[in-house]
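Hi,

Here is the structure I said I would hand over. Have a look at it first, and my notes on what turned up follow below.

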Amino acid sequence: MFFCKSKPKNKPKRQGRITTAEKIAKAARTEQVYPDDCPPDDCNLSHTRVAWRLEDGRAVLVAYEIYRCGNHFGRPIGVPGRGEFGMEILVALAYQVYVIGVSLDKACQVLGFFQGLSLTKSQADSLLNQLAHQWEAEFDTLCMLLANSAVVHCDETGWSINSVWAFLTERLTVMFYGVHQDGETLEQILDKATFEGVLISDDAAIYQGFSKAQKCWAHLIGKAIKLTLQAPEDPTYRHFADSLLAIYRSAKRVAADKRYSDAGRKRRVGELDDELLALCLERWVDETQQMDGVEGDYRRLVNEIMRLMLAEELFVFVTTAGVDGNNNASERELRDDALRRKTGRTNKTPRGARRQTILTSVLRTLSKQLRRFTLANVIAEVQRWAVCGRSCFTDQANAANVRRPPAVEQRSLLHRIILDADAPQPT
């Protein structure tokens, strides 16, 4: 019997990471970086590090010669920590994944095709973790500003892990991914003892108990229209839907009319309440009708409207500036997340949800606060944070005299509502 000796497999030419010397040799240019407030003549070369940067739409490898003066080292502007990628690459990656909604693989392909940057999925994942860690303090400041806002839109929907919540103000967008859809979670995000503003939401039970609330008219009108579709031959439901819509339109006109004084607006709200009462009274007090089918839906809608009217949660937008009569803004904010949930393009772990919470909130808030939301403007703002030692969010909190409440627990809000909430409880 003869045995054929197998040919030895060709070993790869390289195993392990590329050395720093090889990276330096591939660099397009070399820059000297000196510590701040230290004369260059008093500094000595410490080491050389390389970093990929985006310049004129292309990826460029730059070698930085780091000089030191005593215990002070030079720090390349726009290169976080000891990383090998500039901040613009981290932000561009986070924008594609969490604002546009492309997958991590495709985001790497986009950077490779347009910028010529070769980035693996594991590297991209690590960069997003790094950016989330760096922006966690900014997210905490956003939560503090949110809890002290005058008007907040709020809505939630299901997600791959628990649910996703959106909180919007005129200048803030704070998202929470992978959190429970219950009152306890909402209590930790918007503490009723701290939040004194108006909460705009639907009429779900978890949103009850706030001192000031505006319920969404779009939900009420939608329910009324549904009645007309269920029983198109019954003129009662058509009349009810048309009248309810007319009352809402009248309230919108009053809210937009600047000629009304505060007393005049309150008087008009009283008149609108009378119109609602006249519309709903007959069905509200009638106990003879059965609560089945379309008639049952009609009775429940009438009861809901009367309950909200008596609680003064229907016409807050008429008397309070900056308040809308519907919650469409937060619903639109969740539209893309709902589509990603249906197609399975969501995070599957609490840590991934935590990362998405931080990066999405900071980027979407910056899109509201920057005059033009571009990569160059975001990088300029973030670099200003590094120079000043504080972010624009911190400046806003200081200007409004908003202070962080004393910590009750060691863990942050994100740990408590995302990581700790799903941790197994001790038996």
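**Two loop residues with positive phi**

N401 sits in the loop that runs between α15 (392-399) and α16 (413-419). Before going further, please keep in mind that this is a predicted model. What made me stop at N401 is its backbone: phi is near 60°, a positive value in a residue that is not glycine. N401 counts as exposed because its relative accessibility, 57%, is over the 50% cut-off.

You will find D37 in the loop between β1 (29-33) and β2. With a relative accessible area of 82%, D37 is exposed.

**Buried polar and charged side chains**

Now for the other end of the accessibility scale. Is E136 buried or exposed? E136 lies in helix α4, and its relative accessible area is 15%, so with the limit at under 20% it counts as buried. Which side chain does E136 pair with? That would be R354: the two side chains are joined by a polar contact of 2.7 Å. Leaving out neighbours within four places in sequence, E136 is in contact with R354, I358 and S412.

R268 is another one to click on. It is part of helix α8 (residues 262-285) and is buried at a relative accessible area of 14%. Its side chain makes a polar contact of 2.5 Å with the side chain of E271. Once neighbours within four places in sequence are set aside, the contacts of R268 are V254 and Y260.

Then there is Q369, in helix α13 (residues 350-369). At 16% relative accessibility, Q369 counts as buried. Its side chain has two polar contacts to look at. One goes to the backbone oxygen of R171, at 3.1 Å, and another joins it to the side chain of Q396, at 2.5 Å. Apart from neighbours within four places in sequence, Q369 is in contact with R171, L172, C392, F393 and Q396.

In soluble globular proteins, nonpolar side chains tend to be buried together. Here the largest nonpolar core has 62 residues, and W135, F167, F176 and L190 have the most contacts inside it. Which helix gives the most to this core? It is α4 (residues 121-147), with 12 residues. A separate core of 35 residues lies apart from it, with L227, L276, L308 and L314 among its members.

Not counting residues up to four places away in sequence, F176 touches F139, C143, S163, V164, W165, F167, I189, T357, L413, L414 and I417.

A166 is also worth a click. It is in strand β6 (residues 163-168), and it is buried, with a relative accessible area of 0%. Beyond residues up to four places away in sequence, A166 touches H153, C154, D155, V174, M175, S330, E333 and L334. For a distance check, A166 and S211 are 45 residues apart in sequence and 20 Å apart in space, C-alpha to C-alpha.

**The largest pocket**

The volume of the largest one is about 1,300 Å³. Its lining has 39 residues, and R75, P76, V79, P80 and G81 lie nearest its centre. Which elements give two or more residues to the lining? They are α1 (20-26), β2 (44-55), β4 (72-73), α4 and α14 (375-388). The largest share, five residues, comes from α14. By type, the lining divides into 17 nonpolar, 13 polar and nine charged residues.

Cheers

Technical notes:
Residues are numbered from 1 along each chain as its sequence is written. This is a predicted model: local features need pLDDT of at least 70, side-chain atom pairs count only at pLDDT 80 or more; totals for chains, interfaces and linings use all residues. Side-chain values use heavy atoms; hydrogens and water are left out. Helices (H or I, at least four residues) and strands (E, at least two) are DSSP runs, numbered from the N terminus. Buried means under 20% relative accessible area, exposed over 50%, partly exposed in between (1.4 Å probe, protein chains only). A polar contact is a pair of N or O atoms within 3.5 Å; within protein, one must be able to donate a hydrogen and the other to accept it, and residues adjacent in sequence count only if both atoms are side-chain atoms. Contact means heavy atoms within 4.5 Å. A nonpolar core is a set of buried Ala, Val, Leu, Ile, Met, Phe, Trp, Tyr and Cys residues joined through side-chain atoms within 4.5 Å. On a 1 Å grid over the protein atoms alone, a cavity is a set of points where a 1.4 Å probe fits but cannot get out, and a pocket is an open set with protein on both sides within 12 Å along at least five of seven lines; lining residues have an atom within 4 Å of a point. Grid points are joined across faces, edges and corners, and a volume is the space filled by probe spheres set on the points. Ala, Val, Leu, Ile, Met, Phe, Trp, Tyr, Cys and Pro count as nonpolar, Asp, Glu, Lys and Arg as charged, and the others, Gly among them, as polar.
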